[in-house]
Amino acid sequence: MKFPGSVLVSLILFVAETAAALCLSGAYRAAGDRMWQWLTLLFALLPCALVQLSLVFIHRDVSRDRPLVLLLHILQLGPLVRCVEVFYIYFHAGRVEEPYVSITKKRQMPKDGYSEEIEKEVGQAEGKLCTHRSAFSRASVIQAFLGSAPQLTLQLYICVLQQEITAARSIFMVLSLLSIVYGALRCNILAIKIKYDDYDVSVKPAAYLCIFMWRSFEIATRVTVLVLFSSVLQIWTLPVVLVNFFGFFFYPWILFWQSKSPFPENIEKALSRVGTTIVLCLLTFLYAGINMFCWSAVQVKLNDPDLINKSQNWYRLTVYYMLRFIENAFLLLMWYVYKTDIYLYVCAPLLVLQLLIGYCMAVLFMLVFYQFCHPCKKLFSSSISEGLLSCFKFLCFICKPPKSTVLMDKAEMKSENTDEAWSSSKTIDSQKGNAHQSVSSNA
């Protein structure tokens, strides 16, 4: 049975970041910065409440008679209780013979074109641990993109305005960045396991390293670009954020309405239609929050029973990174044009170049991951290089003028050349006629 290390990491980041947020909020209160105090508390407590809600929902605690657990969740102590429960199950597993086990069938990764199916016995303890790991993975994603990402943006913005980086604020920003990167990593692993649920997926350390570097560069550059832009053009920050957020929020719903599929009813039997709608809105809310800062490896598809798009769409991935690179470059250009005196001692061209190179490094590590380190790359219908090449060919085809227009232009040029030749030959004939008349008159 695998050690529940992911649960322990999620708990440590959750507790450390919450404690750091409370300490920093107290420091802002002592300094008299009420606005920064309340914003720091908001970005710390809102994801805490959503994490408790997700853990209760996944474990179905409402339908079970567990009042003490529900009380601890209300007191924001749910992750601690769940972690204690996880390690109790782990250390007591195997001591008592389980009354029954379930048998799961998984297929191995194809070797030489063949894939074997293996059967595995899963006991009650291992099944409960699997449920806990899944719950903590989802809680880490919620904590990362609905709490840590706004928190990191806020604290970096305060550092820029005050032109000071304190020790407490720097520690808090490092914890927030680690939380976001870890949440993005868990999001990638969840996407792989959901898409390839029939296979026995084993993620190697090289894959974890590539994902970590990819997400670190991507998120750090994105947050820095947003902070730089908002520090000089505060009025335009809200429109940029709202267009990004609501664009990604309504995108799954637009696809769902276009498909004309029936409303999903199989999410949870105990939920009414209103409850299902609320759950779907929260899901798309989280999806929009992720895509605000980085590429969402899990693509929401509301007309699918699993609510996840399991196809590998290289075109969507290419379009996202191209548009995000253009947006980042445009925001940096606006910052460079309207930068204020607080950036007097900053080499602006060098900073812009470093941020653009950082984003390109994120794309490079992403390509390396999908090309060489993805645990299920043998199942791809096409590799990432082939997919990107076909996407670029398609985009170039769109940018080219239509063939009929080219033919019409060539025909017009040909007719113009013919007319010019005809007019020139006519001029020559007239000149010859005039010369002949002049010769005959002289004679």
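Colleague: Both glutamate 218 and arginine 215 are buried. What does that word mean here?

Modeller: Buried stands for a relative accessible area under 20%, exposed for over 50%, and partly exposed for anything in between (1.4 Å probe, protein chains only). Keep in mind that this is a predicted model: local features need pLDDT of at least 70, side-chain atom pairs count only at pLDDT 80 or more, and totals for chains, interfaces and linings use all residues. Residues are numbered from 1 along each chain as its sequence is written, and side-chain values use heavy atoms, with hydrogens and water left out.

Colleague: How do you know that glutamate 218 and arginine 215 form a salt bridge?

Modeller: A salt bridge needs a side-chain nitrogen of Lys or Arg within 4 Å of a carboxyl oxygen of Asp or Glu. Here the N to O distance is 3.1 Å, so the pair passes the test. The whole structure has four salt bridges.

Colleague: What else does arginine 215 do with its charged end?

Modeller: That end sits over the ring of tryptophan 214, 4.1 Å from the ring centre. The rule asks for NZ of Lys or CZ of Arg within 6 Å of the ring centre and within 35 degrees of the ring normal. Lysine 339 gets the label too, with its charged end over the ring of tyrosine 336 at 4.2 Å from the centre.

Colleague: On to rings. How many aromatic pairs are there?

Modeller: The search finds 20. In one of them, the rings of phenylalanine 87 and phenylalanine 91 have centres 6.1 Å apart and planes at 25°, so the pair is stacked.

Colleague: What makes a pair stacked?

Modeller: Rings of Phe, Tyr and Trp (its six-membered ring) pair if their centres lie within 6.5 Å; planes under 30 degrees apart are stacked, over 60 edge-to-face, and the rest tilted. Phenylalanine 87 and phenylalanine 91 sit four residues apart in helix 4 (residues 78-92), about one turn of the helix.

Colleague: Why is phenylalanine 87 called buried, and how does phenylalanine 91 count?

Modeller: Phenylalanine 87 has 17% relative accessibility, so it counts as buried. Phenylalanine 91 has 49%, so it counts as partly exposed. Another stacked pair is phenylalanine 246 and phenylalanine 250, 6.0 Å centre to centre with 20° between the planes. These two are four residues apart in helix 8 (residues 234-259).

Colleague: What makes a space a pocket rather than a cavity?

Modeller: A 1 Å grid is laid over the protein atoms alone: a cavity is a set of points where a 1.4 Å probe fits but cannot get out, while a pocket is an open set with protein on both sides within 12 Å along at least five of seven lines. Lining residues have an atom within 4 Å of a point. Points are joined across faces, edges and corners, and a volume is the space filled by probe spheres set on them. The second largest pocket has about 850 Å³. Of its 28 lining residues, Phe43, Pro150, Thr153, Val241 and Met292 are closest to the centre. Helix 8 gives the largest share of that lining, nine residues.

Colleague: And how many cavities of 30 Å³ or more are there?

Modeller: Three. The second largest cavity holds about 110 Å³, and 13 residues line it, Ser10 and Phe14 being among those nearest its centre.
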